[in-house]
Amino acid sequence: MDTDTQTLRTACTFADVLALPCFVLSCHADGGIRFEHFNVAHIAAIGLPIESVRGRTPHECFPERVAETLLKNYATCRRTARAHEYEELLDLGGVEMWWQTTLSPILREDGTVSGIVGTAMDITARKARDFRRTEVESALRSLNDDLALFTSMTAHDVRGPLTKIASLTELTLDGFEDMGDNK
């Protein structure tokens, strides 16, 4: 068994002890990236058994758009040979889910990437809360803008009659002299 195969098997064993969704990818000399392993938590999260994807590329397992999104991130981790963390929205089997994913390269002695270990956390509920909060904040801003406009218009509308009352009061009091009898 060659070193790359042994290292990937060790990564798969490691992934199996993790309680969060985890997967292992192999990176080939021809530039290809293939699925090697999903742990139990990952299978439960996406509902896709490893037997249906093991040894296959993302293009062989997912629709074009999903495969391109996955490969873009996998390629970034492979190219930089460093951990890569990101959030993504994926449609897996007709169900849209938000994921926070961290990809960690498996390095050979020469520094090239032989595989990738990925951990993924379903953040769909958190994103729904974030979107809802954004909608509420937008609605509040709109209400505040409406209130500011209303108070501005009210102040303008009230200012006119008050100015007239003040002018009439001045005219009434013009030349008024109190003779000491309070009349």
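Arg133 and Asp130 sit 3 residues apart in helix α5, so about one helical turn separates them. A helix here is a DSSP run of H or I with at least four residues, a strand is a run of E with at least two, and both are numbered from the N terminus. Arg133 and Asp130 form a salt bridge, with their closest N and O atoms 3.4 Å apart. The term salt bridge stands for a side-chain nitrogen of Lys or Arg within 4 Å of a carboxyl oxygen of Asp or Glu.

A word on the model comes next. It is predicted, so local features need pLDDT of at least 70 and side-chain atom pairs count only at pLDDT 80 or more, while totals for chains, interfaces and linings use all residues. Residues are numbered from 1 along each chain as its sequence is written, and side-chain values use heavy atoms, leaving out hydrogens and water.

Side chains of opposite charge can pair when their charged atoms come close. The whole structure holds 8 salt bridges. Three of them are listed here.

| Pair | Closest N to O distance |
|---|---|
| Arg133 and Asp130 | 3.4 Å |
| Glu135 and Arg132 | 3.4 Å |

Arg126 and Asp130 are both in helix α5, 4 residues apart, or about one turn of the helix. Glu135 and Arg132 are 3 residues apart in helix α5, and about one helical turn lies between them. A network of salt bridges links Glu87, Arg126, Lys127, Asp130, Arg133 and Glu137.

How open are these side chains? The labels follow relative accessible area: buried is under 20%, exposed is over 50%, and partly exposed is in between, using a 1.4 Å probe and protein chains only. Asp130 is partly exposed at 22%, and Arg126 is partly exposed at 29%. Arg133, at 46%, is partly exposed, as is Glu135 at 49%. Arg132 has 52% relative accessibility and therefore counts as exposed.

## A nonpolar patch

On the surface, Val136, Leu140 and Leu143 form a nonpolar patch that has about 260 Å² of accessible area together. Patches are made of residues with over 30% relative accessible area and no salt bridge, joining like charges within 9 Å and nonpolar side chains (Val, Leu, Ile, Met, Phe, Trp, Tyr) within 5 Å. The areas come from the Shrake-Rupley method with a 1.4 Å probe, and for residues only the protein chains shown count as cover. Leu140 belongs to helix α5, which covers residues 124-173. With 48% relative accessibility, Leu140 counts as partly exposed.

## The sheet and one of its loops

Now to the strands. Five of them make an open sheet in the order β2-β1-β5-β4-β3, with antiparallel pairing. β2 and β3 (84-92) are at the edges with a single partner strand each, so one side of each has no neighbour in the sheet. Neighbouring strands are turned by 30° against each other on average, direction ignored. These angles use axes, lines fitted to C-alpha atoms (for helices, over the stretch in contact), and run from 0 to 180 degrees between N-to-C directions.

Strands pair if DSSP finds at least two bridges between them. β3 and β4 (residues 95-107) pair in the antiparallel sense over 9 bridges. His84 stands opposite Leu103 in β4.

Asp30 is found in the loop between β1 (22-27) and β2 (33-38). At 69% relative accessibility, Asp30 counts as exposed. A polar atom of the Asp30 side chain lies 2.8 Å from the backbone nitrogen of Gly32.

Terms used: A polar contact is a pair of N or O atoms within 3.5 Å; within protein, one must be able to donate a hydrogen and the other to accept it, and residues adjacent in sequence count only if both atoms are side-chain atoms.
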